Amino acid sequence: MIIGATSGIGNQITRDLEKSHQLFITGRKQSKLDLMNSDMSCVYLLDLNDENGFNVLLEKLPVLDGVVFCAGVTNHTPAKFIQQKHIEEVFNVNVLGVIKLVTILLKEKKIGRYGSLVFLSSIATKFPYFGGSLYVASKMALEGFAKTLAIELSDKKIRVNCVSPAFVRTDMSQKVEDLSSEDAFEVFSKKHPFGVVEIKDVSNMVCHLLSDESMSITGQVMQVGNFNSGLKM
Amino acid sequence: MKIERLIEKLENEFEDLEKGLLNPNFNFREIEDWSSMHALVIIALIDSEYDVLLNGGDLKGAETVQDLFDMIQKKLS
């Protein structure tokens with residue numbers, strides 16, 4: 001199952017897996033789900049803010065071999081300007097919704113033995129940036145949740161890992177470019193020794209972690225791409 | 001809504017600016033060491049004070065404090 005399959009990274013993972021696997025994909029916008037036009041996938045409208053939606057989804061799900069959590073939102077509000085609405089926007093989707101969904105999937109025994117859970121984090125947890133306090137805090141919370149989950153699910157041989165990409169050009173990152181404006185993106189790109197990350201590279205890492213090729217990898221944060229902040233942290 | 005209030009808020013935010021330097025015709029990119037960080041602060045300040053969310057594209061279309069003020073008014077109307 002791929003949560004947040006309609007945009008960017010989730011979309012790429014869907015494309016890479018749909019020919020070889022039975023997929024259940026979710027997205028927050030019906031118009032985007034309609035565009036997926038994926039014959040092999042079961043497609044569900046799901047907003048991580050809406051717990052009622054979880055129950056509808058659960059009724060239709062078999063036991064899953066893997067779940068990828070790609071849904072996420074960014075925010076670029078410097079800390080002193082943060083309002084309740086910003087906190088809720090970011091944490092409800094990036095953290096609370098994910099935790100609630102995982103909890104329900106586990107309670108309902110929807111994750112099979114030897115299954116794999118993969119959470120999309122960000123290299124920003126290692127290299128924070130101006131205005132990113134809420135986003136970075138949410139992704140660090142997600143990593144903490146995933147690492148703990150890895151311990152709790154080890155007896156069932158269920159792996160839990162995060163993938164932490166450097167800057168990837170997607171619709172979501174376009175919002176960063178739009179917001180940060182001016183020369184920011186050019187300066188930012190130059191800090192990536194191998195250039196900004198190709199979306200396919202991120203998908204490859206996720207697919208690896210879902211596959212039987214990574215049976216002994218759990219509790220890890222796998223970085224894709226590199227970043228040279230120029231700062232000593 | 002008065003432009004004086006926006007100027008006051010900007011002065012309060014950019015404390016290094018000489019008092020009285022800011023006026024409607026002031027080009028905000030002339031703030032010393034102007035960078036995208038200043039842009040983010042201006043965007044966040046306007047979101048916080050007026051509940052108006054500008055993006056980088058909006059900001060690129062503005063040069064002066066008056067331009068910013070006009071943009072806020074337009075988005076509010």
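Trainee: Helices (DSSP runs of H or I, at least four residues) and strands (E, at least two) are numbered from the N terminus. Where does A:Gly225 lie in chain A?

Mentor: A:Gly225 is in the segment after strand S7 (221-224) of chain A. This is a predicted model, where local features need pLDDT of at least 70, side-chain atom pairs count only at pLDDT 80 or more, totals for chains, interfaces and linings use all residues, and side-chain values use heavy atoms, without hydrogens and water. Residues are numbered from 1 along each chain as its sequence is written, with chains lettered from A and ligands numbered from 1 in written order.

Trainee: Why does A:Gly225 count as partly exposed?

Mentor: Because its relative accessible area is 37%, and partly exposed covers what falls between buried (under 20%) and exposed (over 50%), with a 1.4 Å probe and protein chains only.

Trainee: Which residues does A:Gly225 contact?

Mentor: A:Ile123, A:Ala166 and A:Val197, leaving aside neighbours within four places in sequence; contact means heavy atoms within 4.5 Å.

Trainee: And how many residues separate A:Gly225 and A:Pro78 in sequence?

Mentor: They are 147 residues apart in sequence, and their C-alpha atoms are 26 Å apart in space.

Trainee: Stepping back, how many helices and strands does chain A have?

Mentor: Eight helices and seven strands. Chain A has 233 residues, 51% of them buried. Of its contacts with a separation of 6 or more, 69% join residues 24 or more positions apart.

Trainee: Salt bridges next. How many over all chains?

Mentor: Nine in the whole structure, counting a side-chain nitrogen of Lys or Arg within 4 Å of a carboxyl oxygen of Asp or Glu.

Trainee: What is the N to O distance between A:Asp16 and A:Lys200?

Mentor: The closest N and O atoms of that salt bridge are 3.0 Å apart. The pair links distant parts of the chain, with A:Asp16 in helix H1 (residues 8-17) and A:Lys200 in helix H8 (residues 199-210) of chain A, 184 residues apart. A:Asp16 is partly exposed at 24%, and A:Lys200 is partly exposed at 37%.

Trainee: What does A:Lys100 pair with?

Mentor: A:Glu51, in a salt bridge whose closest N and O atoms are 3.3 Å apart. These two also link distant parts of the chain: A:Lys100 belongs to helix H4 (residues 84-107) and A:Glu51 to helix H3 (residues 51-60) of chain A, 49 residues apart. A:Lys100 has 36% relative accessibility, so it counts as partly exposed. A:Glu51, at 40%, is partly exposed.

Trainee: Over in chain B, which side chain meets B:Glu49 in a salt bridge?

Mentor: That of B:Lys9, at 3.8 Å from N to O. B:Glu49 sits in helix H2 (residues 36-50) and B:Lys9 in helix H1 of chain B, so the pair ties together parts 40 residues apart in sequence. There is also a network: A:Lys85, B:Asp47 and B:Asp51 are joined by salt bridges that share partners.

Trainee: Is B:Glu13 buried or exposed?

Mentor: Buried, at 18% relative accessible area. B:Glu13 belongs to helix H1 (residues 3-13) of chain B. Not counting residues up to four places away in sequence, B:Glu13 touches A:Lys80 and A:Phe81 as well as B:Val41 and B:Leu45.

Trainee: Where in chain A does A:Arg113 lie?

Mentor: In strand S5 (residues 111-120), and A:Arg113 is exposed at 51% relative accessibility. A:Lys157 is in the loop between helix H5 (133-152) and strand S6 (159-165) of chain A. A:Lys157 is partly exposed at 47% and has a positive phi of about 60 degrees although it is not a glycine.

Trainee: Which residues gather in the negative patch?

Mentor: B:Glu15, B:Asp16, B:Glu32 and B:Asp33. B:Glu15 lies in the loop between H1 and H2 of chain B and is exposed at 64%. B:Asp33 is in the loop between H1 and H2 and is exposed at 66%. Its phi, near 55 degrees, is positive in a residue other than glycine.

Conventions: Patches are made of residues with over 30% relative accessible area and no salt bridge: like charges are joined within 9 Å, nonpolar side chains (Val, Leu, Ile, Met, Phe, Trp, Tyr) within 5 Å. Accessible areas come from the Shrake-Rupley method with a 1.4 Å probe; for residues, only the protein chains shown count as cover. Lys and Arg count as positive and Asp and Glu as negative; His and the chain ends are not counted. The place of a charge is taken as NZ of Lys, CZ of Arg, CG of Asp or CD of Glu.
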